[in-house]
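Here is a short walk through one model. Keep the viewer open and follow along.

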Amino acid sequence: MYLISFDSLPNTNEFLVELSKKDANSWTVIHAKNQTKGKGYAGNEWKVVAGENLTFSFLLKTDYSFQELIYFNQWVSNAICLFLKQFHPKTNVKWPNDIILKDKKVCGILIENHRSNGVMNSIIGIGINVNQTDFNHLPKATSICKVTDKIYDIEEILSDLMRFFEQEYRDLEHKNFEKIHQTYLDNLFRKDEISTFRVDGELVEGTILDVNEAGNLLIEINQELREFKHKEIELLF
């Protein structure tokens, strides 16, 4: 691991994307104590309180195809979910890649990919709420501190998490897609439970059953199996 830490950056992903185009190595980590223009999945904004949360990005270079990146996303989600279980066992992945701690969002992930000279460059941006306790403006958010009532060393969590990624890398390297997918399903938030969703402005009840090879969510609604892309459906929780 090669760590570069900044007091402040607009966006760790954007910084690392540029480094990846200049032959940065796998496991290069860009950490910002304050990220002023954080981005979330599908164009969402990721706001953090300076000094209270963990915001960083790291680079992995693989021979993955674009079609295989769904499993890359699942592997990243799995690793963070499993790592955070040490703080509370009720930790889940909310499709496609939010991490839920005691039924509230604690972590967001943004993966950006570009292929160059036959190599897939994947920049994994991660934001974890660590010591923040005020979420009055975000009722569905939480932090590790809020759940455990303890203050944490943010850089120590970063170091421990990156070591955990390295331990889990074998499954990614050997493309153990079946294991990766099963672990993802085992930790999928509200899988096999009747839940309420918003679809086309209407509320419906359904049960999450699976995620297919395209990364789309499979839900049984009124005894019919339906497939949804991201932003086509909202899980209410």
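Which strands do the buried residues of α1 pack against? They pack against β2 (28-32), β3 (54-62), β6 (104-116) and β7 (119-128). Contact here means heavy atoms within 4.5 Å. Helices (H or I, at least four residues) and strands (E, at least two) are DSSP runs, numbered from the N terminus.

Some ground rules come next. This is a predicted model, so local features need pLDDT of at least 70 and side-chain atom pairs count only at pLDDT 80 or more, while totals for chains, interfaces and linings use all residues. Residues are numbered from 1 along each chain as its sequence is written, and side-chain values use heavy atoms, with hydrogens and water left out.

Stay with helix α1, residues 12-20. Its buried residues are Thr 12, Asn 13, Leu 16, Val 17 and Ser 20. Buried means under 20% relative accessible area, exposed over 50%, and partly exposed in between (1.4 Å probe, protein chains only). Look down the axis of α1: the buried residues fall within an arc of 135°, so they line one face of the helix. That arc is taken over the directions from the helix axis to the C-beta atoms. The N-terminal end of α1 is capped by Asn 11. A side-chain oxygen of Asn 11 lies 3.0 Å from the backbone nitrogen of Asn 13.

Now move to helix α2, residues 69-84, which holds Leu 82. Leu 82 is partly exposed, at 30% relative accessible area. Leaving aside neighbours within four places in sequence, Leu 82 contacts Phe 164, Glu 168, Thr 183 and Asn 187.

A polar atom of the Thr 183 side chain lies 2.9 Å from the backbone oxygen of Lys 179.

Finish at the open sheet. Its 5 strands run in the order β11-β10-β9-β8-β12, with antiparallel pairing. Two strands pair if DSSP finds at least two bridges between them. The edge strands, β11 (224-228) and β12 (234-236), each pair on one side only. Within the sheet, β9 (residues 202-211) and β10 (residues 217-221) pair over 4 bridges. At one of these, Val 211 has Leu 217 of β10 as its bridge partner.

How values were computed. Polar contact = N/O pair within 3.5 Å; in protein donor to acceptor, adjacent residues only side chain to side chain.
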